[in-house]
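Thanks for coming, everyone. Please have a look at the structure on the screen before I start.

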Amino acid sequence: MSEVIRIRGTVQGVGFRPVVAKIARARGLAGYVRNDAEGVLIGLAADNGDCEKFLIDLMQSLPPLARVDSVDRTVACVVASGFQIDPSAGGLPRTEIAADAAMCAGCREEMSEKTARRFGYAFTTCTNCGPRYSIARGIPFDRVNTSMASFRLCPACRTEYEDETDRRYHAQTLACFTCGPRVRLAALGCSGDDASLADFADAGPRESCGSTPTVAFRGTQPRQNLLRGTNHGLRESAGDDADVFVAAANRLLAGEIIAVKGLGGYQLCCDATNSMAVQRLRARKRRPHKPLAVMVADAQTARRCVELGDDDLELLRSPAAPIVLLARTCESLPVDEVAPGQSLLGIMLPTTPLHARLLGEVGRPLVCTSGNLTNEPQCIDDDLARDRLAGIADGFLLHNRPIVNRVDDSLVAPIDGAYRVLRRARGYAPGTLALPEGFEHVPPTLALGGDLKGCFALLQDGRAILSPHLGDLDHAEAFVAYRKTLDLFFRLFEHRPEQIAYDAHAGYRTHQLAVELAHLRGLRTSTVLHHHAHIAACLAENMVPLTAGPVLGLALDGLGAGADGELWGGELLVCDYRTVERIASLEPVALIGGDAAARQPWRNLYAHLRAAMTWEELTRDYGHTEPVGYLQGKPIVLLEQVLRDRINAPVASSTGRLFDAVSAALGLVRERLEYEGQAAMMLEALVDPRNLTRTDLRPYPFAETQRADDSVVRLSSAPLWRALLNDLALGCSPADIATKFHKGLARALVGLVERASHQTGLQTVALSGGCWQNRILFEAVANGLRRAGLQILAHRNIPPNDGGLALGQAVIACAREL
């Protein structure tokens with residue numbers, strides 16, 4: 001008797017075959033293991049009992065980056081005299097490429113050991129860490145199918161590659177100083193021309209850049225090797241690269257900006273303790289207020305910047321190594337420059353040996369943000385980076401390993417007792433997701449997502465493959481990058497969709513692309529309502545079966561296409577994968593100027609105030625308040641005409657625009673938003689969670705209304721505006737007003753859902769949409785729903801924002817056909 005065992009999942013490029021061979025040989029089993037397009041194929045010349053024991057050992061010894069989705073066993077004739085690792089085979093891809101993984105503990109220790117062959121080597125990897133998706137050109141994940149193909153292994157690395165006892169056994173990204181990628185530094189003079197490394201490496205800092213940190217960062221020294229915590233440089237033992245990192249560190253410590261070629265794209269770095277350097281980066285990048293992430297060398301440094309728990313540290317040290325949003329302490333950082341108006345700071349540890357080397361030399365936290373101008377895609381091509389970033393960076397830390405696939409840093413936040421992915425990219429994507437029961441035999445399906453937080457999904461064989469976060473597609477170059485990534489996924493996974501799902505909003509680029517692709521490829525089409533997709537994505541992530549009954553879905557976001565051309569954004573739905581019914585919403589309010597209302601919060605303030613009272617009442621009762629005085633400087637006659645005649649002023653039940661209005665009332669941001677969600681984030685940042693239980697801060701009132709000719713219950717914010725303006729007149733602090741607003745909105749939403757539950761008999765509530773990134777609102781609503789005895793479904797591994805839309809669109813389209 002003998003068996004052939006088919007294993008699917010994340011099983012290529014993660015050291016899976018060496019583990020299989022090691023276990024088989026330890027048990028004295030003959031056979032083979034090979035990669036192919038479906039995953040890993042194992043042949044064992046053994047009886048059923050020995051195969052069973054082998055699989056038990058294998059499942060208990062999986063490599064750190066491996067994930068097994070399925071195991072299929074078939075009785076077959078296997079003739080072998082020993083156990084060997086066979087060359088990879090091709091075929092139609094049904095496996096996946098692993099996500100890029102941060103530097104593992106073994107490689108970190110080896111890099112810091114002065115006698116080690118890879119002491120200080122910036123591209124140290126093994127089967128447990130290193131680049132995967134970012135360098136992949138095809139499946140199977142073998143070196144020849146990656147951008148490492150041109151780096152031929154030296155004899156020493158070849159020995160490791162072939163040694164079954166070595167953790168680099170069959171490691172496809174294996175390299176060293178002798179045979180692998182190398183770094184170099186290029187400086188830009190005042191003219192923007194490149195300066196040679198020879199002219200640049202030992203040059204002193206530019207005095208004009210402001211080399212003194214604004215805030216003294218305690219406990220570290222410049223050029224400290226934080227890999228070992230000692231004060232020596234790496235010149236003696238780390239090859240020629242040592243001078244490169246010392247020179248780059250000198251420039252950073254002098255207040256300059258360095259463009260670093262990272263794992264999945266270029267990043268812009270500067271000294272996070274130097275206020276002038278951070279201001280200069282913001283000015284050049286045209287990003288005056290959006291929070292910046294900070295990379296630190298170790299846990300000790302992180303604790304001086306944020307409130308760091310053991311679980312937080314475990315996540316930061318995980319293979320995904322995302323940016324984690326944590327409460328800032330920032331005694332050692334100019335926080336008003338790094339994260340203005342925010343209570344949270346995005347913190348990350350070094351994700352690659354290159355970053356670890358750089359931080360070890362600098363000895364201070366670094367701002368680390370994407371290498372692009374605002375709204376443009378992150379640079380991955382060397383020549384394009386030189387062209388695009390020359391006006392931002394003072395120098396470039398380069399290397400000669402090509403970046404094949406763009407992938408940004410992932411973003412995670414602890415909310416309501418769980419870590420929730422807000423941006424799914426490096427470390428998480430691409431990665432397959434198992435689909436719920438009932439979706440095992442779906443037709444090959446493509447879903448394009450939305451225009452914000454671009455992400456698409458491929459469905460086939462009972463699984464979903466989600467692209468990484470691809471940015472906001474309003475920018476033409478971002479949309480070009482989106483299409484290139486889509487073509488890449490078609491090639492990598494040889495995906496041939498039979499149907500395409502897309503958002504109902506005809507103005508979306510993704511909607512228009514779907515129509516084009518359907519025509520070119522002869523695809524069946526499925527148009528999906530925006531908020532139905534949000535809730536369906538939540539159901540799919542929580543593995544709700546296709547045949548399960550409907551749930552209550554509370555979808556809160558900025559804006560999305562609803563039924564009959566309406567604009568939705570604050571919806572209570574009754575839905576399953578196939579059907580959706582709207583039973584309640586926020587009271588629709590005019591979007592003065594249409595799309596302009598999403599960019600200029602003052603327009604929403606005016607519209608909400610006018611929905612609550614007439615202009616005459618407003619000026620009579622509250623003309624002495626600051627926000628009404630501010631609005632009196634606007635063209636009131638024109639605004640009144642716009643509202644009266646509905647001139648480019650469609651109404652929308654938008655939760656996001658309500659947050660914008662309240663933020664504008666408090667003067668947080670009025671004239672123009674720099675980035676999506678800015679007003680809501682600043683409003684949330686004012687709230688101290690400890691104040692939510694203060695009985696003197698009574699929730700602002702909302703009102704439920706329903707017209708005789710309307711089946712939808714409306715939640716009106718009109719009552720809160722008189723209460724809010726009264727508080728402003730009395731001198732109530734913005735923090736207290738923000739707290740009362742959050743408490744009031746949460747109480748109103750819980751009441752709305754609770755009454756709907758009584759009427760429908762439904763006990764499960766799915767929460768989705770970008771507004772659930774707000775920790776204060778999420779936890780207040782979730783606690784209220786639990787007290788009401790309701791079951792909550794929410795996102796963890798898929799973003800609640802538009803980054804999760806594609807999954808929802810895809811499962812809806814498939815459900816309609818099943």
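First, the ground rules. This is a predicted model, where local features need pLDDT of at least 70 and side-chain atom pairs count only at pLDDT 80 or more, while totals for chains, interfaces and linings use all residues. Residues are numbered from 1 along each chain as its sequence is written, and side-chain values use heavy atoms, with hydrogens and water left out.

Now the helix pairs. Two packed helices are described by the angle between their axes and the distance between the axes. Helices here are DSSP runs of H or I, at least four residues, and strands are runs of E, at least two, numbered from the N terminus. Axes are lines fitted to C-alpha atoms, for helices over the stretch in contact, and angles run from 0 to 180 degrees between N-to-C directions.

Start with α6, residues 241-253, and α11, residues 353-362. Their axes come within 8 Å and cross at roughly 60 degrees. So α6 and α11 are oblique to each other. On this scale, angles under 35 degrees are roughly parallel, over 145 roughly antiparallel, 65 to 115 roughly perpendicular, and the rest oblique. The crossing of α6 and α11 is right-handed, meaning the near helix is turned clockwise from the far one by less than a right angle. Who makes the contact? From α6 come Asp241, Ala242, Phe245, Val246, Ala248, Ala249, Leu252 and Leu253. From α11 come Leu354, Arg357, Leu358, Glu361 and Val362. Contact means heavy atoms within 4.5 Å. By class, that contact has 10 nonpolar residues, 3 charged and no polar. For the classes, Ala, Val, Leu, Ile, Met, Phe, Trp, Tyr, Cys and Pro are nonpolar, Asp, Glu, Lys and Arg are charged, and the others, Gly among them, are polar.

The axes come within 8 Å and cross at roughly 105 degrees. That makes α16 roughly perpendicular to α22. Leu605, His608, Leu609 and Ala612 of α16 meet Ala718, Trp721 and Leu725 of α22.

Keep Trp721 in mind for the cores. A nonpolar core is a set of buried Ala, Val, Leu, Ile, Met, Phe, Trp, Tyr and Cys residues joined through side-chain atoms within 4.5 Å. Buried means under 20% relative accessible area, exposed over 50%, partly exposed in between, with a 1.4 Å probe and protein chains only. The largest core has 132 residues, and Trp721 and Phe741 touch the most other members. Helix α23, residues 734-760, gives the most to this core, with 11 residues. What does Phe741 touch? Leaving out residues up to four places away in sequence, Phe741 touches Leu658, Phe659, Val662, Leu683, Tyr700, Phe702 and Leu720. Apart from that core lies another, of 41 residues, among them Leu308, Leu333, Val335 and Leu373.

Phe54 is in helix α2, residues 48-59. Phe54 counts as buried, at 0% relative accessibility. Beyond four places in sequence, its contacts include Ile5, Val20, Ile23, Leu29 and Leu44.

His532 sits in helix α15, residues 530-541. With a relative accessible area of 3%, His532 is buried. Its contacts beyond four places include Cys575, Asp576, Arg578 and Ile812.

Then Arg168, in the loop between α4 (155-162) and β6 (183-188). Is Arg168 buried or exposed? Buried, at 2% relative accessibility. Among the contacts of Arg168 beyond four places are Glu110, Arg118, Glu160 and Tyr161.

Last, the backbone. The peptide bond from Ala429 to Pro430 is cis, with omega near -5 degrees. Pro430 lies in the loop between β16 (418-423) and β17 (431-434).

Two non-glycine residues have positive phi. Ala321 has phi near 45 degrees. Ala321 lies in the loop between α9 (310-316) and β11 (323-327), and counts as buried at 3% relative accessibility. Asp461 has phi of about 55 degrees. Asp461 is in the loop between β19 (457-460) and β20 (463-466), and counts as partly exposed at 41%.

That's it from me.
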